[in-house]
Each structure stands twice: as structure tokens, then as C-alpha cells.
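Let's take a walk through this fold, one neighbourhood at a time. Keep the viewer open and follow along.

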Amino acid sequence: MLAREKVAAGVKMGITSIQGLIAQGRGESFDYLIGERSTESALYAERAAVAALLLAENPVISVNGNVAALAPEKVVALADITGAKIEVNLFHRTDTRVHLIIEHLKASGASEVLGKNPDASLDLSHDRRLVSSKGIYTADVVLVPLEDGDRCEKLVKMGKTVITIDLNPLSRTSRTATISIVDNVTRALGNMAKLAQEMKKEKKEELVKLITSYDNKKAIAGAISEIQEHLKTMIAEVEY
């Protein structure tokens, strides 16, 4: 309910599109299915994601209207700990929305936010193609919470490590990404900021080991299995 109100407030502020309300509702339905908690498979993926960000030469966190409305402080915290850049990238792009989101992120503690003057382009037919040459275009690792599948697929084909946060383990985004986190975006970003603070102390070899041993198909299969188990528990409660 609180998340829904934040997205609705984001629409009123002009940072979130009307379509973002639909996306929020879709995500909530899957959150109910996993029990509104960070599952074992989600934490497994989140640890790998943090390792990838800490090892990256040019990590970038891509922010859209929903993420800006739901968890701006957590985006900034994760970026600060990992040294990642923040870039605004929108499907329903207007200069006004970009400006408002950048100012919202700065009010939440960000010192620099890319995306206002995109100078590079991805091979896509919509406005998410517009990116910064210092950010998403040259990034080696990109965290794209609440992503759309076609841009995710394009970034992977460009050779980038793509981390997604998507509550639907069956989506094209989840199946295409390098690391798919099936979790609520607010919980996931909070978990990752805490993990990053701890994992910064680990040796590089340990972080590399986390990445090389990570299996995204295992993470997705685990998420689907956790949904099944939660539904079985709910059925048992109803029956008995």
C-alpha cells in the first residue's frame, strides 16, 4: 500500500508516468506470490549483483520514474558504496520528467545524475535508446531495476553485465538478464546497499568467485519454486 502511494505521488509530482501505475500493480501481484519477502533465490542473486558492481570499471544504475518514486535514497546509497554512476533513462521521456527526476535524486543525496543531455544511442526504436556516453553506453555493468525486455536484451548483446530487479521470474527481462533479482525493488536495493557495505571488505578473489559460480537459471528456477511452495502453504492454510 505504501509503495502504491509513493508511485501515485510520483505521478502527481511529474516524475512517474501513468503507465508506471500499471507496472506497479503488476509487480505487486507477483510480490504476493512470493510472500512479500526477500527469498533465498533473491538474496543469492543480490550477492552476485553486488559483487559485479564492486568489480566493475564503469558501473551504472539506470533510474526510471517508478524507481525514483519508490527508492531514491536507496539508489543513492548503493551508488555511493559501489562507486556507480546514476543515469535517468525513460521509455516515456520528456525533458521535464528527466529534469524533475534528476532534481528528486539530488534532493535525496545524489551529487551527479546523468541523462539530461544524452549524446549516444542504442539500437532501439523508442526513447530508451537515448543514453549518456559516460554512463550506460560505455558501462560494463548496468543495474536496470524495473526494466523493459528489449533494452535489457540489447545491453546484453553489447557485452554488458546486466542486473535486473523484476518480480516476474517469467518475464523476458528476467530470462535475458545476466543476473535476475526476483524481489521488490525497495527491498532489493536496501539489501544490496547493506551487502555492498559488507562485501567491500572482501578480497577481489572472493568477489570473482561469487560471480563465476553464479547461475542465473538456478536463481530463476529457485524463484519459481519458491512461488510454488508459498502457494502450497497458502492452500494448506485455506483448507485447514
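Before the tour, a word on burial: a residue is buried under 20% relative accessible area, exposed over 50%, and partly exposed in between, using a 1.4 Å probe and protein chains only. This is a predicted model, where local features need pLDDT of at least 70, side-chain atom pairs count only at pLDDT 80 or more, and totals for chains, interfaces and linings use all residues. Residues are numbered from 1 along each chain as its sequence is written, and side-chain values use heavy atoms, with hydrogens and water left out. Helices (H or I, at least four residues) and strands (E, at least two) are DSSP runs, numbered from the N terminus.

Start with strand β5, residues 141-145, where 5 of 5 residues are buried. Val141, Leu143 and Pro145 point one way from the strand, while Val142 and Val144 point the other way. Now look at the strands beside β5; two strands count as paired if DSSP finds at least two bridges between them. Strand β1 (residues 59-63) pairs with β5 in the parallel sense over 3 bridges, and Ile61 has Leu143 of β5 as its bridge partner. Strand β6 (residues 161-165) also runs parallel to β5, joined by 5 bridges. There, Val141 has Thr161 as its partner in β6.

Next, the annotated positions. The unreviewed UniProt entry places a "binding site" feature at several residues, including Arg172, Thr173 and Asn184. UniProt positions are given here in the numbering used for this model, feature names are shortened, and annotations may be inferred rather than shown by experiment.

Take Thr173, which sits in helix α8, residues 172-176. Thr173 is buried, at 4% relative accessible area. A polar atom of its side chain lies 3.2 Å from the backbone nitrogen of Gly149. That is a polar contact, meaning a pair of N or O atoms within 3.5 Å; within protein, one must be able to donate a hydrogen and the other to accept it, and residues adjacent in sequence count only if both atoms are side-chain atoms.

Thr173 also turns up among the neighbours of Ser180, a residue of strand β7. Here, contact means heavy atoms within 4.5 Å. Leaving out residues up to four places away in sequence, Ser180 touches Ala45, Thr164, Thr173, Ser174, Tyr214, Asn216, Ala219 and Ile220. Ser180 is buried, with a relative accessible area of 2%, and a polar atom of its side chain lies 2.5 Å from the backbone oxygen of Ser174.

Move along to Asn184, in the loop between β7 (179-181) and α9 (185-199). Is Asn184 buried or exposed? Asn184 counts as buried, at 15% relative accessibility. Setting aside residues up to four places away in sequence, Asn184 touches Asp31, Ile165 and Leu167. Asn184 also caps the N-terminal end of α9, with a side-chain oxygen 2.8 Å from the backbone nitrogen of Thr186.

Helix α9 itself has 11 of its 15 residues buried, so it is largely enclosed by the rest of the structure. Among the buried ones are Val185, Leu189, Met192 and Met199.

Finally, the charged pairs. Side chains of opposite charge can pair when their charged atoms come close. A salt bridge is a side-chain nitrogen of Lys or Arg within 4 Å of a carboxyl oxygen of Asp or Glu, and by this rule the count comes to 8. One of them joins Lys154 to Asp123, with the closest N and O atoms 3.5 Å apart. This pair links distant parts of the chain, 31 residues apart: Lys154 is in helix α7 (residues 149-157), and Asp123 is in the loop between β3 (120-121) and β4 (130-131). Lys154 is partly exposed at 21% relative accessibility, whereas Asp123 is exposed at 62%.

Arg172 forms a salt bridge with Glu153, the closest N and O atoms being 2.9 Å apart. Arg172 lies in helix α8 and Glu153 in helix α7, so the pair ties together parts 19 residues apart in sequence. Arg172 is partly exposed at 38%, and Glu153 is partly exposed at 29%.
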